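Colleague: I've got this model open and would like a quick tour. Can we go through it by question and answer?

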Amino acid sequence: MNINQEEFIGDILIVDDNVDNIRFLSDFLMQQGYQVRKSINGEVGLMAARTVIPDLILLDINMPGIGGYEVCQKLKEDEKTRSTPIIFLSAGDEVKDKVKAFQVGGIDYITKPFQLEEVLIRIQTQLQLKVLQKKLQNQNEALQQTVTSLQTVTKNLEQSEAELQALFKAMTESILVFDGEGHYLKIATPNTKLLYKPDQERIGKKIHEILPQKQADILLEGIQKAIKTQSQIEVEYRLTLNHKKTDLCANLSPISSTSVLCVIRDISERKRREEALKLIVEGTASKTGHEFFRSCVRGLAEILGVRYTVVTECSTPEKMRVRTLAFWLQNNFIDNIEYDLKGTPCHEVIANKEYSCYSDGIINRFPQDQDLVELKARSYAGIPLIDSTGIVIGHIAVLDTNPMQDDQTRELVLKIFAARAGAELERQITDRALQESQERSERLLLNILPSTIAERLKTDTSAIAEHFDEVTILFADIVGFTPLSIRVKPDELVNILNEIFSAFDELTEKHGLEKIKTIGDAYMAVGGLPLPNTNHAESVAQMALDMQGAIAHFQAKYQEPLQMRIGINTGSVVAGVIGVKKFIYDLWGDAVNVASRMESSGLPGKIQVTENTYERLKHRYNFEKRGQVEVKGKGEMTTYWLIDTYPH
């Protein structure tokens with residue numbers, strides 16, 4: 001039974017004054033790939049744990065000098081060792097021992113003598129929980145850093161007008177010359193689309209005679225400032241040209257001490273796109289999941305003026321396939337698809353972990369990519385989505401049927417969206433991992449506890465205890481298993497025991513009983529709780545008979561002299577859950593002890609029941625009176641052998 005050596009191998013410190021126990025445990029754990037350190041008393045254990053902090057500690061309770069409880073308490077008070085999980089190993093099986101172990105900070109409690117596979121499973125569970133908790137903490141911190149970085153980039157974008165202006169350079173120009181008083185001196189290369197009035201009506205006239213008051217004031221102030229400072233000045237204003245509001249930018253450069261050259265450009269499209277970018281960045285900030293990715297690709301298509309945009313997630317660990325999260329194609333969303341990256345420009349983006357742009361001729365560069373042919377694409381730009389740990393998790397790509405300009409502004413826009421999309425995708429991946437972890441925890445909890453108890457513990461983690469007036473308890477032990485354990489290999493032994501107990505678990509489900517626990521090769525189950533059941537004694541009796549049949553099957557299969565020794569008793573119990581970190585559902589009461597004595601004082605191949613159980617079943621089952629049996633702590637008791645059921 002080897003654990004995943006890449007993910008869960010760790011450093012384990014064993015603290016026990018029993019040299020044989022240390023050697024026994026350390027040899028086994030080292031075979032599993034763990035690094036094991038050994039301490040023979042509490043003082044040495046404290047020093048070892050503080051010198052090199054282990055991943056997990058196996059700690060004995062009863063040791064000379066400093067005992068296990070005190071060692072645990074001191075480690076939990078130390079900031080450096082506080083988070084180290086500690087599993088107690090003890091021969092004590094009293095409830096008060098376990099309660100104290102959990103109170104001082106232990107996360108688990110294993111009773112000696114123990115089975116190695118049980119120790120290994122519990123070590124695995126605690127190390128897995130520790131890794132998941134650390135991973136979740138790191139991911140949350142990294143995600144917060146990504147969000148902060150995105151906010152900074154967005155703020156810088158809004159402040160960097162020059163970079164945003166460079167994004168849209170499709171400007172129509174009109175070139176003029178003004179004097180210091182705002183007279184039109186020359187119209188060098190007129191663009192009639194930008195003329196408020198024909199050029200022949202403007203030469204020699206002042207700005208205020210041609211333009212509206214507000215716009216004329218803005219332009220004249222810029223002219224006079226450029227002449228005075230002998231530096232380039234840029235001003236913006238809006239005019240209504242051909243019944244359409246047009247945003248204009250006038251670049252004023254001094255050409256003498258009394259005149260300036262004025263280059264007027266139509267920046268309406270740039271303004272529109274700046275506003276669209278701002279609205280999209282702000283709008284996607286409040287969106288998540290499917291809605292966010294759709295807004296992302298649609299916004300990119302609008303801002304960059306391209307026909308196709310796509311955002312993907314890597315679908316394999318090797319990053320050779322991706323699935324689309326949103327795909328914008330010619331003004332519509334299309335269904336998400338999954339595709340291979342080999343031979344595509346997307347593969348270069350993901351493999352190289354950097355922005356890439358092909359301005360034209362993309363099909364010739366990647367002739368194997370038939371999707372490019374079907375899309376009739378000529379140009380491509382893509383950028384990877386990188387999570388907070390530096391791992392590529394997907395990419396964004398834009399394509400067009402026309403050539404595409406490769407400039408810093410295009411790259412900047414893609415980086416902005418990639419940062420936001422990467423953060424959102426990482427959040428989704430983290431949420432999925434958390435959901436899967438929660439579902440695994442749910443399944444584990446239901447395997448450990450009855451479903452009704454598990455549901456209660458979700459909202460109330462305090463101790464749960466209930467009294468049941470009458471239940472029937474079964475203890476069973478596999479006779480012949482101990483000699484078998486000496487002859488076969490450990491992994492074969494575990495497989496055999498697992499197969500037998502799995503069969504018993506199926507019988508428990510079949511008869512509506514509750515499995516309580518297994519201890520070594522012993523099995524404990526009960527009928528009549530946590531939900532009361534009037535047929536609990538009959539169900540347990542049938543379970544016992546079926547267990548005899550099951551063990552006979554395994555005896556024949558493995559050619560081993562395996563038999564069951566089973567004891568049953570009916571009476572009142574207290575059942576519940578104790579502990580604050582490692583929950584276990586258990587039973588207490590005299591009826592439990594008597595049931596255990598029925599098993600231990602029984603005979604191989606026999607089912608011994610008390611008189612209480614006999615009275616409940618005598619009208620439906622065949623019994624053979626055994627007579628008086630000396631029962632530890634109870635004296636002599638009359639017991640019976642359960643033979644079989646009466647024929648129907």
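**Around Asp-16**

Modeller: Asp-16 and Asn-21 have their side chains joined by a polar contact of 3.5 Å (a pair of N or O atoms within 3.5 Å; within protein, one must be able to donate a hydrogen and the other to accept it, and residues adjacent in sequence count only if both atoms are side-chain atoms). Bear in mind that this is a predicted model, where local features need pLDDT of at least 70 and side-chain atom pairs count only at pLDDT 80 or more, while totals for chains, interfaces and linings use all residues. Residues are numbered from 1 along each chain as its sequence is written, and side-chain values use heavy atoms, with hydrogens and water left out.

Colleague: Is Asp-16 buried or exposed?

Modeller: Asp-16 sits in the loop between E1 and helix H1 (19-31); helices (H or I, at least four residues) and strands (E, at least two) are DSSP runs, numbered from the N terminus. Buried means under 20% relative accessible area, exposed over 50%, partly exposed in between (1.4 Å probe, protein chains only). Asp-16 has 2% relative accessibility, so it counts as buried.

Colleague: Which backbone nitrogen does the side chain of Asp-16 reach?

Modeller: Leaving aside residues up to four places away in sequence, Asp-16 touches several others, including Ser-39, Asp-60 and Lys-112 (contact means heavy atoms within 4.5 Å). The backbone nitrogen its side chain reaches, at 2.9 Å, is that of Asn-18.

Colleague: How many residues make up the hairpin link from E9 to E10?

Modeller: Strand E10 (residues 259-266) has 6 of its 8 residues buried. E10 runs antiparallel to strand E9 (residues 244-254), with 7 bridges joining them, and Leu-248 stands opposite Asp-266. The hairpin joins E9 to E10 through 4 residues.

Colleague: How far apart are the end C-alpha atoms of helix H18?

Modeller: The expected span of a helix is 1.5 Å times one less than its number of residues. H18 (residues 536-558) has 23 residues, so it should span 33 Å, and that agrees with the model. Its end C-alpha atoms are apart by 33 Å.

Technical notes:
Two strands pair if DSSP finds at least two bridges between them.
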